[in-house]
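This report describes a protein model for a reader who is new to structural work. Please keep the sequence and the structure in view while reading.

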Amino acid sequence: MLKVWRTREGEGGRAAGAFQFERLTVKVTRWRVVLGGVAVGAYALGLIAMAPSEIIVARSSNGERQAVGTVWAGERALPGGFGARWAVMPFSSILHLSGALRLGLRGPDTAATAQVLARPGRVLVRDLGGTASMRLINAAAPGLPFACSSVMRFDVSRLSLKGRPEGAGTIPVSPGDCAPSGGGAATPLPALNGTVSADGAATTVVFARADTAAEVMKARVQVDGGLTASIEPGGVGLIPGVGAPVSIETSL
């Protein structure tokens, strides 16, 4: 219900030009409510999308910015000269009923892209392709006691990080070496064949020696995002500081 001003005719010259309120009725329909909600939602989404990337990537402990751009499209710096950029894909988000992002990785021996679909209880990486230095692993997990110089080549169509297990693709690894992070003699690392697969319980990534097919490393991602990573018997002696098979459990 709205009110408008209307001029009232004077009575015998009296009260000429006076104003009075008249009631104006606006009929509320379902479609008007829907269109109003869409307009408000689009406005709010625009405000969020154009917000600076700092609202999702906080500054470092010493106050330095770790990301540039906006929530819609930005890039985050990683240690070792690496970087990760993202861009929202609105049409894919609608098509898959999930938040869709195009991700890119750059840095030394690194140039890779992928699409990520995310919604509550579900994170799926699709069309992962390109190359990446194994030192990128140290950039993401700086606490690792070793660093390897090999280069991975991605050809992965699906890799589930949470939710229903899905996995298909290969990740061959070039020959290189691995050295203790604190310094010391490097150990040669032979060429590896990496495979991505899935069963009813988990998505599995396995790296095995290309010459003997002995398993070196394995990672299994459960439905709830739990991760079990292990150094297999074939990796003993190749990874510095690992003298026996070992596994760790964490979550993504």
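Asp199 counts as partly exposed because its relative accessibility is 38%.

The model discussed here is predicted.

## The chain as a whole

The protein chain contains 3 helices and 18 strands. It has 252 residues, of which 31% count as buried. The chain exposes about 15,000 Å², and carbon and sulfur atoms supply 61% of that area.

Contacts also show how the chain folds back on itself. Among contacts in the protein chain with a separation of 6 or more, 30% are accounted for by residues 24 or more positions apart.

## Further salt bridges

How many salt bridges does a search of the whole structure find? The search finds 7 salt bridges. One of them joins the side chains of Arg164 and Glu166, at 3.0 Å from N to O.

Asp211 and Arg209 form another salt bridge, with the closest N and O atoms 3.0 Å apart. Asp211 has a relative accessibility of 54% and so counts as exposed. Arg209 has a relative accessibility of 22%, so this residue counts as partly exposed.

## The disulfide

The model has 1 disulfide. It is formed by Cys148 and Cys178, whose sulfur atoms are 2.0 Å apart. The pair links distant parts of the chain, for Cys148 is in strand S9 (residues 146–148) and Cys178 is in strand S12 (residues 176–180), 30 residues apart.

Is the disulfide right-handed or left-handed? The torsion about the S-S bond of Cys148 and Cys178 is about 105°, and the disulfide is therefore right-handed. Both Cys148 and Cys178 are buried.

## The largest nonpolar core

In soluble globular proteins, nonpolar side chains tend to be buried together. The largest nonpolar core of this model has 30 residues. Those that touch the most other members are Met134, Met152, Phe154, Ile171, Leu192, Phe207 and Met217. Several elements each supply at least two residues of this core, including helix H3 (135–140), strand S7 (110–119) and strand S8 (122–133). Strand S10 gives the most, with 4 residues.

Leaving out residues up to four places away in sequence, Phe154 touches Ala112, Leu128, Gly129, Gly130, Thr131, Ala132, Thr170 and Ile171.

Most residues other than glycine have a negative phi, and most peptide bonds are trans. Asp127 has a positive phi of about 50°, although it is not a glycine. This residue is placed in strand S8, and at 45% relative accessibility Asp127 counts as partly exposed.

Ala213 is likewise not a glycine, yet has a positive phi of about 65°. It is found in the loop between S15 and S16. With a relative accessible area of 55%, Ala213 is exposed.

Where is Ser98 found? Ser98 is in the loop between helix H2 (90–96) and strand S6 (99–107). Its relative accessibility is 9%, so Ser98 counts as buried. A polar atom of the Ser98 side chain lies 3.1 Å from the backbone oxygen of His96. Not counting residues up to four places away in sequence, Ser98 touches Ser93, Leu117, Ala118 and Arg119.

Arg76 has its place in strand S4 (residues 73–78). Arg76 is partly exposed, because its relative accessible area is 33%. When neighbours within four places in sequence are left aside, Arg76 is in contact with Val57, Gln66, Ala67, Gly83, Ala84 and Trp86. The C-alpha atoms of Arg76 and Ser53 are separated by 8.8 Å, and these residues are 23 residues apart along the chain.

Key
Residues are numbered from 1 along each chain as its sequence is written. This is a predicted model: local features need pLDDT of at least 70, side-chain atom pairs count only at pLDDT 80 or more; totals for chains, interfaces and linings use all residues. Side-chain values use heavy atoms; hydrogens and water are left out. A disulfide is a pair of cysteine sulfur atoms within 2.5 Å. Buried means under 20% relative accessible area, exposed over 50%, partly exposed in between (1.4 Å probe, protein chains only). Contact means heavy atoms within 4.5 Å. Accessible areas come from the Shrake-Rupley method with a 1.4 Å probe; for residues, only the protein chains shown count as cover. A polar contact is a pair of N or O atoms within 3.5 Å; within protein, one must be able to donate a hydrogen and the other to accept it, and residues adjacent in sequence count only if both atoms are side-chain atoms. A nonpolar core is a set of buried Ala, Val, Leu, Ile, Met, Phe, Trp, Tyr and Cys residues joined through side-chain atoms within 4.5 Å. A salt bridge is a side-chain nitrogen of Lys or Arg within 4 Å of a carboxyl oxygen of Asp or Glu.
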